[in-house]
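Hi everyone, thanks for coming. Let me put the structure up, and then we can walk through a pocket and some helix packing together.

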Amino acid sequence: MKRIMLRIAYDGTNYHGWQIQKNGVTVEQRLSEALLALLGAETELIGASRTDAGVHAIGNVAVFDTDSRIPPGKFAVALNHYLPEDIRILHSQEVRTDFHPRHCDSMKTYEYTILAAQREIPIFSRYSYHVYRPLDVEKMRIVAEMLEGTHDFSAFCSAGGQVKDKVRTIYNINIKEVPFSDRWGDNLSGILEGGEVRIRVSGNGFLYNMVRIIAGTLIEAGQGDRTAASIREALESGDRSLTGPTAPPQGLMLLGIQYLEDL
C-alpha cells in the first residue's frame with residue numbers, strides 16, 4: 001500500500017465547498033467519484049483545506065492510499081480524465097505512509113482579490129469582490145501590520161468554528177494594487193478608474209472564515225472606517241463584533257500549502 005498526494009486546482013463557483021455533504025455537490029465528492037472510476041473501489045480521500053462554498057484553489061492538497069500499479073506521477077493525468085473541467089490535478093507524487101496533510105507543519109497562503117471600481121466588469125465577477133468606494137491601500141497596509149505575528153484570532157473567527165485553540169501565526173500580509181492601466185494599458189483611460197487590490201496572507205493555519213474576515217476588515221480600513229487601534233482592541237478582546245464583515249467567498253483563493261517537513 002502506498003500513499004499518494006495530489007495538488008489540486010479548482011473553480012469553486014459551482015461547488016458547495018470542499019467537504020462532502022448531503023445538500024450539494026462538492027469538490028471532494030467529484031474527486032472521490034474520479035478515484036472510484038479509475039481504481040474500481042471506494043477510496044478515502046483526506047484533504048488539507050476544507051474550503052467553503054464558492055472559494056477557489058490552485059494549490060489545495062489531498063492524499064489517498066492505494067495498492068494500484070499506476071506510477072505515482074501518472075495519477076494526475078489519469079484522474080483528470082474523469083474530472084469536470086473546473087477541477088484539475090496539477091501534480092501527483094508518493095509520500096510517506098504516515099503523512100497527513102492537516103497534521104503536518106505547514107504554511108498556507110491565501111489571496112483575496114477585490115475589484116475597486118465604479119462599475120463591475122463581468123470577467124472579474126467569479127473571482128473577486130466588487131467594491132464601489134475607493135480604497136486607500138496604504139491605510140490597509142498599516143492595519144494589516146497589526147495582524148502579523150502570533151495572536152489569538154478569536155475576533156476573526158465566525159460562529160460555527162469547532163476548534164478551541166484560536167492562536168495562529170500570520171507570517172506576512174502583502175497588499176498589492178494593480179491598476180487597470182497595468183493590465184490593459186490606456187484602453188479604459190477616461191472611461192473607468194480603479195483596478196484590483198490583492199490581499200495575500202500566509203500563516204501556519206487559519207480559523208473558520210478567518211481570511212475573509214481579515215479581508216472585510218481591511219476593506220473597511222481602506223475606506224476610512226477603521227484604524228489600527230481598532231484592530232488592537234479586537235485582538236485583545238477576542239470580540240467578533242469589533243472586526244469587519246465576512247467578505248464574500250468568490251474573492252478568495254487558496255494559492256498553496258508549503259510543507260515544512262519531509263514528505
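Let's start with α5, which gives the most to the lining of the largest pocket, with three residues. Helices here are DSSP runs of H or I with at least four residues, strands are runs of E with at least two, and both are numbered from the N terminus. Please keep in mind that this is a predicted model, where local features need pLDDT of at least 70 and side-chain atom pairs 80 or more, while totals for chains, interfaces and linings use all residues. Residues are numbered from 1 along each chain as its sequence is written, and side-chain values use heavy atoms, leaving out hydrogens and water.

A pocket is an open set of points on a 1 Å grid over the protein atoms alone, where a 1.4 Å probe fits, with protein on both sides within 12 Å along at least five of seven lines; lining residues have an atom within 4 Å of a point. Of the 31 lining residues, Arg 50, Asp 52, Phe 206, Leu 207 and Tyr 208 are the closest to the centre. β5 (106-117), β8 (167-179) and α5 (210-222) each give two or more residues to this lining.

Now to α3. The axes of α3 (residues 137-147) and α6 (residues 228-237) come within 9 Å and cross at roughly 25°; axes are lines fitted to C-alpha atoms over the stretch in contact, with angles from 0 to 180 degrees between N-to-C directions. That makes the two helices α3 and α6 roughly parallel, the word for angles under 35 degrees. On the α3 side, Ile 142, Val 143, Met 146 and Leu 147 make the contact, with heavy atoms within 4.5 Å.

And α5 comes back here: its axis and that of α3 come within 8 Å and cross at roughly 140°. The contact residues include Val 143 and Leu 147 of α3, and Ile 214 and Leu 218 of α5.

Technical notes:
Angles under 35 degrees count as roughly parallel, over 145 as roughly antiparallel, 65 to 115 as roughly perpendicular and the rest as oblique.
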